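Dear colleague,

Please find below the structure that I am handing over to you, together with its sequence. My findings follow after it, and I would be grateful if you read them with the model open.

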Amino acid sequence: MSSAAIGSEQIPPTQPRELRRVVTSSVVGTALEWYDFFIYGFAVTLVFNKLFFPTSDPAVGTIAGFATFGVGFAIRPLGGFLFGHLGDRVGRRATLVLTTLVMGVSTGLIGLLPTYETIGVWAPVLLTLLRVLQGLGAGAEFGGASTLLCEHAPPHRRGYLSSYAQTGVQIGLLLGTVSFLLVESLGDEAVQAWAWRVPFLLSFVMIALSLYVRLRVAESPVFERMSADRRTIKLPVFEAMRRYPRNFLIGIGAHICDTAVVYIYATFSLAYVQETLDLPRWVGLTGVISSTFVVIVLQPLYGALSDRVGRKPLNLFSVIFTGLFAFPFFALLDTQQPALIWLALVVAAGLGLAPMIAVQPAFYSELFGARVRYTGFASSREIGAALGGFSPLVASALVIQGGGTGWLVAVWMIVTALISLVAFAYSRETKNLDITAPETVQR
């Protein structure tokens, strides 16, 4: 295993034991934080549309709930700028500890909120404010965890090892789905009365576990060397956009498709199956759980493949497949056959979504130099998330516009795939890039 360098200074490789600890902390930390972020989406279609946004039409309540769901995405770029700045100035690990607290506390407090029946309009207002805090934390979480992991990983295994950051996100999605599946099994009366609060309150317990794991991890050796050599800069946000304008735009466009479709698969599809197709909720939840398991298994394989063939081929394949499969996806859902609905979700996630998101940690880390990596990664990615994050809201409105069918949603998916396709087409292959350098050689 060769040593890396910043300028003329060599950085010794991270020892295997410490590397395993970094990978574990990345998986656990991102899983717990994204569990917090995802359960909001499940709660929208299960309880928030009734308890916080009551209307005579359940579909309208769902749209209102998805609007606040989208607020979390709208605020994520601010989280990327704010915490990315801290990550490039004071350290990757310290910033991740702070985002853990922001996300965990805000999520736990949602479980303590009184409903619309109790405090009226203040209920959705407070819910939206806490969603804003969730967005701030989420805006820096993935970028920070991926940056820390990539800067510890040996170059020839960067794609494989960093894919575990995304695996943690999918585990968070799985935990959120299972938690609400268990909650729903208690019956509608219990769910509406108190049971919906349990997944949110569990976040208080999860904070302790996440902090324990993250405080035991060493700071990025790349950041430590930069700090020792006083190579950090005062305003990494402006520096990232000034030095890497092309890559910054690529980072924005690259994240639009996967953000849009993952929430169509994981959250909107639940509402579509239950409200539009009039099928039991367990049909959609089972499909989401099955597809998430498939993604978790495939992501390390795609990450390892990217170390061999490169990031760009996998990115291009995934968005092309996603666009081509959009109409077949809804055709399978509209059969109203559970097995075909599950097949649609598994194929869409396993062949379309999984390659793109598995490569993402390495791909974004290689877009920016070490001095602005956290900021460039988090801010460009989260602007893309903000543009694609209202997808469940857009999809719900398009179903109404389309007369109760999903064909307009399929068109929307194709549009987002085309945007990301352009971004990936203009990207350069970076799997062999030296990411320890203060500035990358490819802009």
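This is a predicted model: local features need pLDDT of at least 70, side-chain atom pairs count only at pLDDT 80 or more; totals for chains, interfaces and linings use all residues.

Overall architecture

The chain contains 18 helices and 2 strands. Its radius of gyration is 21 Å, close to the 22 Å that the globule rule gives for 443 residues, so the chain is as compact as a globular protein of that length. Along the principal axes, the C-alpha atoms occupy a box of roughly 65 × 45 × 35 Å. Of the 443 residues, 61% are buried. Among contacts with a separation of 6 or more, 85% are between residues 24 or more positions apart. The accessible surface amounts to about 15900 Å², and carbon and sulfur atoms contribute 68% of that surface.

Nonpolar cores

The largest nonpolar core has 113 residues, and the members that touch the most others are Phe48, Phe52, Trp196, Tyr265, Phe329 and Phe330. Helix H1, which spans residues 16-51, gives the most to this core, with 18 residues. Apart from this core lies another one, of 5 residues, including Ile11, Phe223, Met226 and Ala370. As for Phe329, its contacts beyond four places in sequence are Tyr265, Ala344, Leu345 and Ala348.

Isoleucine 250 belongs to helix H11, residues 245-254. Is isoleucine 250 buried or exposed? Its relative accessibility is 5%, and the cut-off for burial is under 20%, so isoleucine 250 counts as buried. With neighbours within four places in sequence set aside, isoleucine 250 is in contact with Phe363, Ala423, Tyr426 and Ser427. Isoleucine 250 also lies 9.4 Å from tyrosine 364, C-alpha to C-alpha, although 114 residues separate the two in sequence.

Loop residues

- Aspartate 278 sits in the loop between helix H12 (256-276) and helix H13 (281-309). Its phi is near 60°, a positive value in a residue other than glycine. The relative accessibility of aspartate 278 is 65%, and exposure requires over 50%, so this residue counts as exposed.
- Glutamine 336 is located in the loop between helix H14 (311-333) and helix H15 (338-365). Here too phi is positive in a residue other than glycine, with a value near 65°. Glutamine 336 has a relative accessible area of 36% and is therefore partly exposed.
- Serine 185 is part of the loop between helix H6 (158-184) and helix H7 (188-195). At 59% relative accessibility, serine 185 counts as exposed. Between serine 185 and leucine 211 there are 31 Å in space, C-alpha to C-alpha, and the two are 26 residues apart in sequence.

With kind regards

Key: Residues are numbered from 1 along each chain as its sequence is written. Side-chain values use heavy atoms; hydrogens and water are left out. Helices (H or I, at least four residues) and strands (E, at least two) are DSSP runs, numbered from the N terminus. The radius of gyration is taken over C-alpha atoms; the globule rule is 2.2 Å times the number of residues to the power 0.38. Buried means under 20% relative accessible area, exposed over 50%, partly exposed in between (1.4 Å probe, protein chains only). Contact means heavy atoms within 4.5 Å. Accessible areas come from the Shrake-Rupley method with a 1.4 Å probe; for residues, only the protein chains shown count as cover. A nonpolar core is a set of buried Ala, Val, Leu, Ile, Met, Phe, Trp, Tyr and Cys residues joined through side-chain atoms within 4.5 Å.
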